[in-house]
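I opened this notebook to record what I looked up, entry by entry. I begin with a pair of aromatic rings and go on to the packing of helices.

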Amino acid sequence: MDWRDIWKPMALLTGAFLLLFWIPIENERVRGAVLESLALAKWYAQEHVLLCLIPALFIAGAIGCFVSQAAVMKYLGAGAPKVLAYGVASVSGSILAVCSCTVLPLFAGIWKRGAGLGPAIAFLYSGPAVNILAVVLTARILGPELGIARAVGAVLFSLVIGLAMHFIYRKEEQAKALAALHMPEPEVDRPLWQNVVYFASMAAILIFATWGKPSEPVGFWHAVFQVKWWLTGAAALVFGAILVRWFRVRAAKMVLAATAVAAFAFLFPEQPLIAFSAGIVAVTLLLTTTRGETQTWFLSTWEFTRQIMPLLLGGVLVAGLLLGRPGYEGLIPSRWVEGWVGGNSLQANFFSALIGAFMYFATLTEVPILQGLLGAGMGKGPALALLLAGPALSLPNMLVIRSIMGTQKTAVFVVLVVLMSTLCGLIFGSFFG
């Protein structure tokens, strides 16, 4: 009998049994934390899975199918020019406007196609933090110095963390670079401009569907928000035409699918998620009923979904159980958090970065959370530390990253994020605290 194959599942089953046996469900805080866990998971499923995660999974699946490994290695691989690779990786999040969960499938896609560890990590860290709308909202509500520091700090520290990861695992990166030298030029089925338009149409759907409501009903951001679903529909029409023209989806099927989605949109104008969900179902049916590369694309998307979704949802449940939703409490009382992040001390900065690394922040929710904490005595240094660590990391993210890169690399990445965020918070707090 080999106990190495038995002890892990046995330990999990035993732990689950003991948890259910001894859980103090009669305790009011425990019951509230369980409800908060389910409430956060429900909110996540309603607000992020359909609009953010599923479009990102389709994009990740497309990267896995239609972006050659040689092309990724050329521009983002370990042997690629450092200025180009790190420059693109550190600022691309401002264009994609991704959140901490949306960035994961995209990271997984470029990593599995051969991207260097440093550029991939730089993209993973900076992507959610340099979301242009989040930076503008931070500057408007929390002050211009925090908004500028957030944008500059995210880009700068993504480069530092990416280069540090590259240095720590330089032997692996050197092996990747050598492999890239012997990789043949990729054979392309369609010209580069077609792939650019194809990916741009999917990115446009993702960006406009997740466009957040600005704090003030004026200006450009509000104007776009007012017509976000019309813009999403226009991008979807372009995407549908691409599927017919370049992926050999039958026009009759596409017209039927578009008619069904449009009917839902006009029947339920106040509930756009219904039409968006119908669009997801329609795309899935179109891809799976068309022979050839569309089926391969769907299978690639499904592989990412199977790998990422269970870990993300499990992590959201745990995060909700421990810390609750904004304005509500989990097992950890909010007064403890407020007490630990007061002032601009090393302890306050470190704890802000640490709690930010484990707590789940949806897009833009970090701003009102910090507004409340600043009102309760939080220093500006710890606020920046949380802004830099929070959007880039969370407990759900860690679980997914671990399944992609392994435990050791994930642990090193988390430590670097917490330390760099703490350092940046200390420096910022000494000048503006």
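Is Phe276 buried or exposed, and what is its relative accessibility? I looked this up in what is a predicted model, and found that Phe276 has 12% relative accessibility and therefore counts as buried, the cut-off being under 20%.

**Entry 1: the ring pair of Phe276**

I next looked for the ring that pairs with Phe276, and found Trp229, with the two ring centres 6.1 Å apart and the planes at 65°. Because an angle over 60 degrees counts as edge-to-face, I noted the pair of Trp229 and Phe276 as edge-to-face. Trp229 has a relative accessibility of 30% and so counts as partly exposed, whereas Phe276, at 12%, is buried. I counted 15 aromatic pairs by the rule used here, and I also noted one aromatic cluster, formed by Phe58, Tyr198, Phe199, Phe239, Phe247 and Trp297.

**Entry 2: the protein as a whole**

I then stepped back to the overall figures, and recorded 22 helices and zero strands in the protein. Of its 433 residues, 48% count as buried. When I took the contacts with a separation of 6 or more, I found that 79% of them are accounted for by residues 24 or more positions apart.

**Entry 3: helix 2 and helix 11**

How do helix 2 and helix 11 run relative to each other, roughly parallel or roughly antiparallel? The axes of helix 2 (residues 28–66) and helix 11 (residues 192–209) come within 9 Å and cross at roughly 165°, and because an angle over 145 degrees counts as such, I wrote the two helices down as roughly antiparallel. Their crossing is left-handed. On the side of helix 2 the contact is made by Leu51, Cys52, Pro55, Ile59, Ala62, Ile63 and Phe66, and on the side of helix 11 by Asn195, Tyr198, Phe199, Met202, Ala203, Leu206 and Ala209. I sorted these contact residues into 13 nonpolar, one polar and no charged. Tyr198 and Phe199, which I had listed in this contact, also belong to the aromatic cluster of my first entry.

**Entry 4: helix 7 and its two partners**

I looked up helix 7 (residues 117–129) with helix 4 (residues 82–91), and found an angle of about 20° between them, with the axes 7 Å apart. That makes helix 4 roughly parallel to helix 7, and the crossing of the two is right-handed. Helix 4 contributes Ala85, Tyr86, Ala89, Ser90 and Val91 to the contact, while helix 7 contributes Gly118, Pro119, Ala122, Phe123 and Ser126. Here I noted seven nonpolar residues, three polar and no charged.

Helix 6 (residues 103–112) also packs with helix 7, at an angle of about 170° and with the axes 10 Å apart, which means that helix 6 is roughly antiparallel to helix 7. In this contact I listed Val103, Leu104, Leu106, Phe107, Ile110 and Trp111 of helix 6, meeting Leu117, Ala120, Ile121, Phe123, Leu124 and Pro128 of helix 7. The residues of this contact divide into 12 nonpolar, no polar and no charged. Phe123 is named in the contact with helix 4 and again in the contact with helix 6.

What does His166 touch, once neighbours within four places in sequence are left aside? His166 lies in helix 9 (residues 144–168) and is buried, with a relative accessible area of 19%; I found it in contact with Lys82, Tyr86, Gly118 and Glu173.

Trp246, in helix 13, counts as buried at 17% relative accessibility. Not counting residues up to four places away, Trp246 touches Arg190, Trp193, Gln194, Val197 and Glu293. The C-alpha atoms of Trp246 and Arg190 are separated by 8.4 Å, although the residues are 56 apart along the chain.

Last, I looked up Ala258 in helix 14 (residues 251–267), and noted Ala258 as partly exposed with a relative accessible area of 35%. From Ala258 to Gly240 I recorded 18 residues in sequence and 8.3 Å in space, C-alpha to C-alpha.

How values were computed. Residues numbered from 1 in each chain as written. Predicted model: local features only at pLDDT ≥ 70, side-chain atom pairs only at ≥ 80, totals over all residues. Heavy atoms only, no water. Axes fitted to C-alpha atoms, helices over the stretch in contact; angles between N-to-C directions. Helix = DSSP H or I, 4+ residues; strand = E, 2+ residues; numbered from the N terminus. Parallel < 35°, antiparallel > 145°, perpendicular 65-115°, else oblique. Left-handed = near helix turned anticlockwise from the far one by under 90°. Contact = heavy atoms within 4.5 Å. Nonpolar A, V, L, I, M, F, W, Y, C, P; charged D, E, K, R; others polar. Buried < 20%, exposed > 50% of the residue type's maximum accessible area, 1.4 Å probe, protein only. Phe/Tyr/Trp six-rings, centres within 6.5 Å; stacked < 30°, edge-to-face > 60°.
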